[in-house]
Amino acid sequence: MNLPELIILDPQDTVAVALRDIMAGETVEGIVAADPIPRGHKIARHDLRRGDAVVKYGQVMAVASADIAAGAHVHSHNCALPDQHSDQSSVKGSLPVPPARQTFEGYARPDGRVGTRNYIGIMASVNCSSTVCDAIAAEANRILKPKYPQIDGFAPIVHDQGCGMTNQGEGFDTLVRTLKGYRDHPNFGGVLIVGLGCEVNQLTLYKPSDWTRERIKTFNIQDVGGSRSAVRRAVELLEPIAAAANMDRRSTQPVSKLTLGMQCGGSDGFSGITANPALGVASDLLVAAGGTSILSETPEIFGAEHLLIARADAANGQKIRDMITWWRDYVGKNGASLDNNPSPGNKKGGLTTILEKSLGAVAKGGLSPLSGAYAYAERIDQHGFVYMDSPGYDPVAATGQVAAGANLVAFTTGRGSCFGSKPTPSIKLASNSELARAMPEDIDLDCGTVVSEGVGLTQMGQKIYDLLLDIASGKKTVSEEFGYGDNEFVPWKIGAVL
């Protein structure tokens with residue numbers, strides 16, 4: 001089989017990426033190389049005049065700072081950064097037609113949402129009850145899980161916040177919003193919330209609604225006699241919840257009930273040309289079928305945010321601008337900066353501008369219009385491709401997406417990642433085949449075959465989409481098989497510790 005020597009990420013791209021070192025004078029896929037082109041670097045597909053847009057991922061990643069001949073090496077010596085904070089229109093692509101497969105098997109919940117899993121959550125309202133919640137989950141999995149096999153298990157949702165903080169303001173509101181998002185998550189068939197009793201984050205904030213009263217229970221450790229008594233009391237409360245959840249069954253549901261959180265971590269030079277754009281294709285397929293996909297990690301879209309703004313209406317575009325402004329102020333107060341130019345190592349690997357670097361992350365969002373912009377952990381209340389503010393730290397970003405309603409997570413990685421996100425399954429997508437071979441116990445799908453075997457991005461995106469529906473219908477991810485997810489609930493911590 002003749003493997004590809006160049007990859008074109010979008011039909012409208014003015015550059016291609018070399019998949020091997022190319023010598024000057026070589027003819028590669030119809031292009032005569034005017035210069036040596038190192039592996040991972042860009043070659044001009046046709047002549048560009050000074051000031052012309054340099055397009056990669058179907059988006060403007062730079063402007064030519066000099067005339068560039070077809071076949072020339074396109075890099076920092078002949079490229080300049082455009083005004084990344086303007087609202088220039090991005091290069092548009094066509095959206096896919098709705099896919100043939102538009103249903104999955106999920107758990108219908110009374111509020112109209114649908115779960116892809118049927119866990120029971122053991123949630124700590126405060127750090128002081130986290131150890132007890134871990135003990136409750138272990139005891140419930142030992143005693144109750146064998147009696148009620150239709151539930152996926154008892155998942156501890158524990159953290160290090162809830163006290164030592166003010167009871168108002170951005171940090172407190174974020175914690176409460178995150179915990180309420182998990183309390184109401186469709187992947188939970190029931191929830192027990194445990195407090196200590198004297199904390200700032202009181203259980204009175206988490207009273208269940210009428211229709212969840214039999215599935216959501218709360219108590220404070222100080223009210224039941226201490227830690228061991230709390231475990232015994234919890235098992236008593238959990239038995240009827242488990243019995244009710246054990247009656248839940250999967251049924252055929254439309255893809256419009258799926259909400260996908262998209263993450264990347266441990267990225268490499270191929271993330272932006274294999275796994276991320278392939279996930280973008282899958283995201284577009286999901287949206288075309290009526291579903292929802294969430295892009296996050298604001299510090300990692302900095303420099304490409306105008307491309308998201310160009311896909312949004314005026315109100316949502318302004319929300320994204322406001323997020324960038326908040327982050328500028330936030331990092332500035334802490335002596336940091338969002339404006340990180342590519343490092344020497346990035347440039348050696350072929351990255352030319354911060355915009356190109358950010359485009360690798362934004363590629364996960366495909367080409368769909370941006371239909372909403374949300375605060376961290378804010379419940380997603382509409383369909384389509386949406387943006388949610390978050391840090392770039394993967395566990396914090398994923399926690400916010402799950403709290404917002406994500407019942408699936410897709411996680412691209414080039415270096416390898418060990419991650420789970422109970423109660424939501426996390427699908428790992430490798431950007432290179434070497435990683436997939438090196439860590440098969442942690443990778444669900446090898447997207448590196450886009451390069452190693454010439455698989456098209458459209459075909460790989462369809463594979464991801466089909467895998468998402470299989471996982472949503474009950475197939476276990478490799479991280480679920482290992483048992484990941486008990487330690488990855490990490491709410492965003494904002495504000496002073498008092």
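Trainee: Which loop holds alanine 377?

Mentor: Alanine 377 sits in the loop between β19 (370-374) and β20 (384-388). Keep in mind that this is a predicted model.

Trainee: What is phi for alanine 377?

Mentor: Phi is about 65°, a positive value, although alanine 377 is not a glycine.

Trainee: And is alanine 377 buried or exposed?

Mentor: Alanine 377 counts as buried, at 2% relative accessibility.

Trainee: What about glutamate 29, what is phi there?

Mentor: Phi of glutamate 29 is near 50°, again positive in a residue other than glycine. Glutamate 29 belongs to the loop between β3 (27-28) and β4 (31-32). With 49% relative accessibility, glutamate 29 is classed as partly exposed.

Trainee: Let's step back. How many helices and strands does the protein have?

Mentor: There are 13 helices and 23 strands. The radius of gyration is 24 Å, close to the 23 Å that the globule rule gives for 498 residues, so the protein is as compact as a globular protein of that length.

Trainee: What does the C-alpha trace span along the principal axes?

Mentor: About 80 × 50 × 40 Å.

Trainee: How much of the protein is buried residues?

Mentor: Buried residues are 57% of the 498. The accessible surface is about 19500 Å², and carbon and sulfur atoms hold 51% of that surface.

Trainee: What share of the contacts joins residues 24 or more positions apart?

Mentor: Taking contacts with a separation of 6 or more, 71% are between residues 24 or more positions apart.

Trainee: Is alanine 33 buried or exposed?

Mentor: Buried, at 4% relative accessibility.

Trainee: Where is leucine 457 found?

Mentor: Leucine 457 is in helix α12, which covers residues 457-472. At 13% relative accessibility, leucine 457 counts as buried.

Trainee: What does leucine 457 touch, not counting residues up to four places away in sequence?

Mentor: Leucine 457 touches Leu9, Ile273, Thr274, Pro277, Ala278, Val281 and Val450. As for alanine 282, it is 175 residues from leucine 457 in sequence and 9.7 Å away in space, C-alpha to C-alpha.

Trainee: Now helix α9. Which residues does it cover?

Mentor: Helix α9 runs over residues 394-404, and glutamine 401 is found in it. Alanine 398 lies in helix α9 too.

Trainee: Is glutamine 401 buried or exposed?

Mentor: Buried, with a relative accessible area of 0%. Leaving aside neighbours within four places in sequence, the contacts of glutamine 401 are Gly261, Met262, Gln263, Ile294, Leu295, Ser296, Met388 and Ala406.

Trainee: And what is alanine 398 in contact with?

Mentor: With the neighbours within four places set aside, alanine 398 is in contact with Gln263 and Phe419. Gln263 is on the list for glutamine 401 as well. Alanine 398 is buried, at a relative accessible area of 2%. Alanine 410 is 12 residues from alanine 398 in sequence, with 9.8 Å between the C-alpha atoms.

Trainee: Changing topic: how many disulfides are there?

Mentor: Zero, from a search of the whole structure.

Trainee: What about cysteine 418, which cysteine sulfur is closest?

Mentor: The one in cysteine 264, at 16 Å, also too far for a bond. Cysteine 418 is partly exposed, with a relative accessible area of 43%.

Trainee: Where is the cis peptide bond around proline 423?

Mentor: The bond from lysine 422 to proline 423 is cis, with omega near 10°. Proline 423 lies in the loop between β21 (408-413) and β22 (426-430).

Trainee: Last one: how many positive and negative side chains?

Mentor: There are 46 positive and 54 negative side chains, and the centres of the two sets are 5 Å apart.

Notes. Residues numbered from 1 in each chain as written. Predicted model: local features only at pLDDT ≥ 70, side-chain atom pairs only at ≥ 80, totals over all residues. Heavy atoms only, no water. Helix = DSSP H or I, 4+ residues; strand = E, 2+ residues; numbered from the N terminus. Rg over C-alpha atoms; globule rule 2.2 N^0.38 Å. Buried < 20%, exposed > 50% of the residue type's maximum accessible area, 1.4 Å probe, protein only. Contact = heavy atoms within 4.5 Å. Areas by Shrake-Rupley, 256 points an atom, 1.4 Å probe, with all protein chains shown as cover. Lys, Arg positive; Asp, Glu negative; His and termini not counted. Charge placed at Lys NZ, Arg CZ, Asp CG, Glu CD. Disulfide = S-S within 2.5 Å.
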